[in-house]
Amino acid sequence: MKTTRLYLSNDTSSLAAGAGRLADAWRERPEIQLIRTSSRGAFFLEPMVERDMPAGREAWFNVTSDDLPRIVGGIGGTPVTEIPFLEQQTRVIFANFGITEPLALDEYQMRGGLKGLAEARRLSPETIIEELRLSRLRGRGGAAFPVWKKWQVAQQTGAEQKYVVANADEGDAGTYCDRMIMEGDPFRLIEGMLICARAIGATRGYIYCRYEYPAAARAMKFAIQKALEAGLLDFDDYPFDLEVVVGAGSYVCGEETALLESLEGRRGVVLAKPPYPAESGLHGKPTIVSNVLTFAAIPNILANGGAWHASLGTEGSRGTMVLQIGGRVRQPGLVEVPFGLPLRDVLDRFGGGMAPGARFKAVQVGGPLGSLFPESQLDIPICYDAFAEAGAILGHGGIVVYDRETNMVELARHFMAFTADESCGKCTPCRVGSVRGREILERIQSGQGAAEDLMLLSDLGETMKTASLCALGGRAPYPVETAIKHFGEEFRQGVKFTRPA
Amino acid sequence: MTTRGRSGLAESLEPCRPMPPDKPNILKALLAVQSALGHVPTSAISQIARVLGVSDAQVSGVLSYYSDLRIQSAGRHLIRVCMGESCMANHGGRVLRTIQDHLRVSVGDHEPERRFTLEQMSCAGNCAVSPTVMVDEDLHGKVTPSDVPSLLEPYR
Ligand SMILES: Cc1cc2nc3c(=O)[nH]c(=O)nc-3n(C[C@H](O)[C@H](O)[C@H](O)COP(=O)(O)O)c2cc1C
Ligand code: FES
């Protein structure tokens, strides 16, 4: 009997959407050979099954085990190139997703992988860093700092030992692109880290992976082993030692100095900067800490040149932005587009509007420290400058849409409670401010707020913004303040009396 | 601690014994103990400190800092309900309340028969298939309140 090759994603979210059940049901079927790939990120279509057809891959959506005869018969599929959600994207970092087997190094290489590393091996450290300067790549972990500047500092700082650390803590709720890269294209992260190691002269690397991502940690360990066996981790004169380290559930450990404290096994508290990790990081040695997505962007830059990367996007934001749409939209999933698209277009064209029965209330961009936008402010373009001007952040690209049933006072309380729970305790504005903020919001929520409470909250916010040691305290007031600004009536309803003077 | 617990402890600590010039890594040791015993009993702090060559206070400090390190054994199964923003937006709060009512257990606690411990988490990276409930390492997506009984049923 002729067997048909079918492709099914093995990504954690695909499994949660039913891909695992499908694989179990079809395990014994002789007429098919099931290839487990990464996910295309169109999670609203998952479980999605693909197969090769004469004109290319075709896909079947929201598949149940009963659909097998149709798929094997080649009936009713949609050409992958005609799926609007995917067809309108510019997949650069996520170009392999849904296509390759994550742990097949040969497939990675066949699709252009390792070209950047080969370039880097040929070039001098200074030339690699110059290529990055030309690319105008900025860090994707939140702070958007120019990547080349950090590398240059680390490269020029003399030390017998330097480190490369991938920040895979991905603490912002609503984001999952780092997880997808580690599970779905792990060699890309390894390649990016190797290029960095080569540029700055590092001999050891760590991937600090959050505890909540067991499958990502497993995939990375496998991939490192394969890379080792393939001789990829050897530079001419020294080996590069790469290790996965699992964290233990602390949001602030995503902050780079806290992360390094945690890597050394201590309490993950934030340290004052300077010194920056690039000068004095892990064990006091020059260390590049970059986000997973940042490292994953680097192989293409070396392979295609910095100018190629700089040709995508807008003036201050070059390259592609990886957005992760979640919350009450019809089409949640991963979107990679050049910077510059208005937020409204992202929500309409990719998000597909609201989930059935839901009505739009607000959208939050940039994780739990990101600002809320009401319907009237959706024309803001997705780029660092416009967001900075609006006092907002793109952060790690998380986009969460809330519907009309969302209670804004409860949401604001949730944000402050989150900061109070996650504060590392090092600085007073964050440690005490977040607790006071939560208490005030709890009063308002229970209808016991005093007239001056909203003023108090605003003063508290100003103190936290200006005096906190890191962005946890410094950004925590923003989602609360934007909630009050745009949905003030809900808060005023909880303010019942004026406290006697 | 039982004898088995004690030998499990010693065994799990062995690979964490610091080899100069490497410095002791407290977090790594605590995670190793937790993965062997299911939790880090406070009665083990002194032994951990001795093996690592650090003070008891340093070990306690790290142990209390990280929310994923537990000092009490969990129930046979650990339920973690995501309260991250995407799950909140998809009304995961209702799922949490349904689980609380169904098991008659509050967050951070386990039922008397110790089948389940209930906790919250802040994001499982499953935001596109939310709301999310994790039971042990199994991830369940798009969970509705009415799914709760059948979702928990297979875990004995
Ligand atoms: C509270 C807090 C949490 C953070 N969490 C993360 C995180 O989970 N992942 C990340 O890459 N960066 C996080 N950052 C930013 C890091 O401090 C650092 O800027 C980043 O890892 C640098 O990488 P990049 O240059 O590639 O952006 C966080 C910062 C703060 C203040
Ligand atoms: S917000 Fe719940 S899985 Fe991300």
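Some housekeeping comes first: residues are numbered from 1 along each chain as its sequence is written, while chains are lettered from A and ligands numbered from 1 in the order in which they are written. Because the model is predicted, local features need pLDDT of at least 70 and side-chain atom pairs count only at pLDDT 80 or more, whereas totals for chains, interfaces and linings use all residues, and side-chain values use heavy atoms, with hydrogens and water left out.

Starting with the two chains, 40 residues of chain B touch 53 residues of chain A, where contact means heavy atoms within 4.5 Å. Together the chains bury about 3500 Å², with 52% of that on carbon and sulfur atoms; buried area here is the accessible area (1.4 Å probe) that two parts lose on being put together, summed over both. The interface also holds 21 residue pairs in polar contact, both residues at pLDDT 80 or more. A polar contact is a pair of N or O atoms within 3.5 Å; within protein, one must be able to donate a hydrogen and the other to accept it, and residues adjacent in sequence count only if both atoms are side-chain atoms. On chain B, helices H2 (26-37), H4 (56-65) and H5 (85-89) and strand E4 (138-140) each supply at least two residues to the side that touches chain A, and H2(B) gives the most, with five residues. Helices (H or I, at least four residues) and strands (E, at least two) are DSSP runs, numbered from the N terminus. Sorted by class, this side of chain B has 19 nonpolar, 14 polar and seven charged residues. Nonpolar covers Ala, Val, Leu, Ile, Met, Phe, Trp, Tyr, Cys and Pro, charged covers Asp, Glu, Lys and Arg, and the others, Gly among them, are polar.

Then come the salt bridges, each a side-chain nitrogen of Lys or Arg within 4 Å of a carboxyl oxygen of Asp or Glu. The count over all chains is 38, and between chain B and chain A it is three. In one salt bridge, Glu405(A) pairs with Arg94(B), with the closest N and O atoms 2.6 Å apart. Within chain A, Lys465(A) and Glu481(A) meet at 2.9 Å, N to O. Lys465(A) sits in helix H18 (residues 453-467) and Glu481(A) in helix H20 (residues 477-486), so this pair ties together parts 16 residues apart in sequence. Lys465(A) is partly exposed at 23% relative accessibility, and Glu481(A) is partly exposed at 24%; buried means under 20% relative accessible area, exposed over 50%, and partly exposed in between (1.4 Å probe, protein chains only). Elsewhere, shared partners join Arg40(A), Glu50(A), Asp52(A) and Arg57(A) into one salt-bridge network.

As for domains, chain A is divided into domain 1 (4-87), domain 2 (105-310), domain 3 (320-403) and domain 4 (408-497), with bounds from an automatic or database domain assignment. The centres of domains 2 and 4, taken over C-alpha atoms, are 35 Å apart. Their contact takes nine residues from domain 2 and seven from domain 4. These two domains bury about 700 Å² between them, 75% of it on carbon and sulfur atoms. In domain 2, Tyr251(A), Val252(A) and Val270(A) lose the most area to domain 4, together 64% of what that side buries. The salt-bridge count between these domains is zero.
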